[in-house]
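Morning, everyone. Please have a look at the model.

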Amino acid sequence: MSTYKIVTYGCQMNVHESEKIAGILRGMGMSESETDSADVVVFNTCCIRDNAERKAVGQIGRFKQLKKENPDAVIAVVGCMTQQDGAGLALRKKFPFVDIVLGTNNTEKIGEYIRDAVSARKKTVEIDDDPKPAIAEGYPYYRTSGVNAWINIMYGCNNFCTYCVVPYVRGRERSRTRDAILREFEQALADGYKEVTLLGQNVNSYGNDRADGYGFAELLTDLAKYGGDHRIRFMTSHPKDMDEKVIDIVASSPNICNNIHLPIQSGSDKILKLMNRHYTRDDYLRIIDRIREKMPDCGITTDLMVGFPYEEEEDFEDTLDIVRRVGYSNAFTFVYSPRRGTPAASMPQVPAEVSKRRIMRLIAEQNAVTRRLSREYVGGVYRVLCEDVVEKNGVVSVCGRTESGRMVTFGGDGSLVGTFCDVKINRAQSAALFGEKV
């Protein structure tokens, strides 16, 4: 086995999990392949929405031919999709050419199962359904996200929103130790990363599973003590757990970005209760007011869902009203997708044509807000962390983000990637900003 290919679906957590898988495979002497004809192919799957699951299944099916052409190739499927009740065995039955099927609690074992597949043609299905497994520490990461280093601070979720499968496929909340996080943070800075993003299904509840009183605000306080020219971001925050201490430490720490992702999901109290979100729209707006009071220029982003069961037109109008009131710099918008085993899946479903009409209206409303906010950047000078080089019509430029999370493109070359530049914004186009280095 000399080459590998990892196909990743879903959220940033999965992207980072794939970095762990890559680290394990590289530790076995493999290198990454740019083509499908790799010796080891790993699908890291997602099941949060039906579309992601269908995409993964379709792609896995394509590799039947690869297996025919190269019987020695090892194909593995891991992640949230396989962790669903009965899904691992069902997938193995549907795709008998797959060699390894692992759940979310077994991914770190992929190296040994690849060896078994190579040496003994052994096929493996292992799905550990322990709701609170131990956190596997000490595995290498091969970071693939440019200037940003992801760091998981916790795993799992205790919220049981009625539409969400995360507690079932990721287990209950488990927090990493302070020392483990600080060691990884220090190493990321030593390796030259200019941005570190803390990850968790709900970062605000970090530490709630322990009795020592060390929570997310305390962790941010410790991380803020590190000197040097770097940025800290975090996601995702649950509104019910966003407190004054966290807002204060973000506002007072130069290295923690004034950029908060705070998913509301719906602007309707009726729908929020049906979703089991544990806050009202007024609760949410009070949090927004506190953030704006402490950080007037904070970039606030969110998740918005339409077509949840029982959603009526007035509920949808409440969501549009939230978009107008808050002024999100960006919003991840999507149509509710029933997930097997969740309470919402058995509720009366909103007709697809209604959901489609609403999502188009929601996108248009958010786009109008984004355009308005973008125009406010024009003429200002902002510090940008250069992330990548882009080429269009033969012209090479650099792109990067402001502290508030807005993408900026300006003249430059690859030598600027990984550095901070002051950029004057000359033009805004929807969510995109364009400027010149000053």
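Helices (H or I, at least four residues) and strands (E, at least two) are DSSP runs, numbered from the N terminus. A pocket is found on a 1 Å grid over the protein atoms alone: it is an open set of points where a 1.4 Å probe fits, with protein on both sides within 12 Å along at least five of seven lines. Lining residues have an atom within 4 Å of a point.

This is a predicted model, where local features need pLDDT of at least 70, side-chain atom pairs count only at pLDDT 80 or more, and totals for chains, interfaces and linings use all residues. Residues are numbered from 1 along each chain as its sequence is written, and side-chain values use heavy atoms, with hydrogens and water left out.

A volume here is the space filled by probe spheres set on the points, and grid points are joined across faces, edges and corners.

Which elements each supply at least two residues of that lining? Helix 1 (12-27), helix 2 (50-62), helix 7 (166-170), strand 13 (299-306) and strand 14 (330-335) do. By class, the lining of the largest pocket has 20 nonpolar, 13 polar and six charged residues. For these classes, Ala, Val, Leu, Ile, Met, Phe, Trp, Tyr, Cys and Pro are nonpolar, Asp, Glu, Lys and Arg are charged, and the others, Gly among them, are polar.

The second largest pocket holds about 710 Å³. It is lined by 26 residues, with Arg 233, Met 235, Asn 259, Arg 401 and Gly 405 closest to its centre. Strands 7, 10, 11, 12, 14 and 15 give two or more residues each. The lining has eight nonpolar, twelve polar and six charged residues.

Next, packing. Two packed helices are described by the angle between their axes and the distance between the axes. Axes are lines fitted to C-alpha atoms, for helices over the stretch in contact, and angles run from 0 to 180 degrees between N-to-C directions.

Helix 13 (residues 313-326) and helix 14 (residues 352-377) pack at about 15°, axes 9 Å apart. That makes the two helices roughly parallel. The label covers angles under 35 degrees; over 145 is roughly antiparallel, 65 to 115 roughly perpendicular, and the rest oblique.

Helix 12 comes next. The axes of helix 12 and helix 13 come within 11 Å and cross at roughly 10°. That makes helix 12 roughly parallel to helix 13. Their contact has five nonpolar, no polar and five charged residues.

Helix 12 (residues 281-294) also packs with helix 10 (residues 244-252), at about 25° with axes 10 Å apart. This pair is therefore roughly parallel too.

Finally, the backbone. Most residues other than glycine have a negative phi, and most peptide bonds are trans. Where is the cis peptide bond? It joins Met 235 and Thr 236, with omega about 5°. Thr 236 sits in the loop between strand 11 and helix 10. Phe 160 has a positive phi, near 50°. Its place is the loop between strand 8 (154-155) and helix 7.
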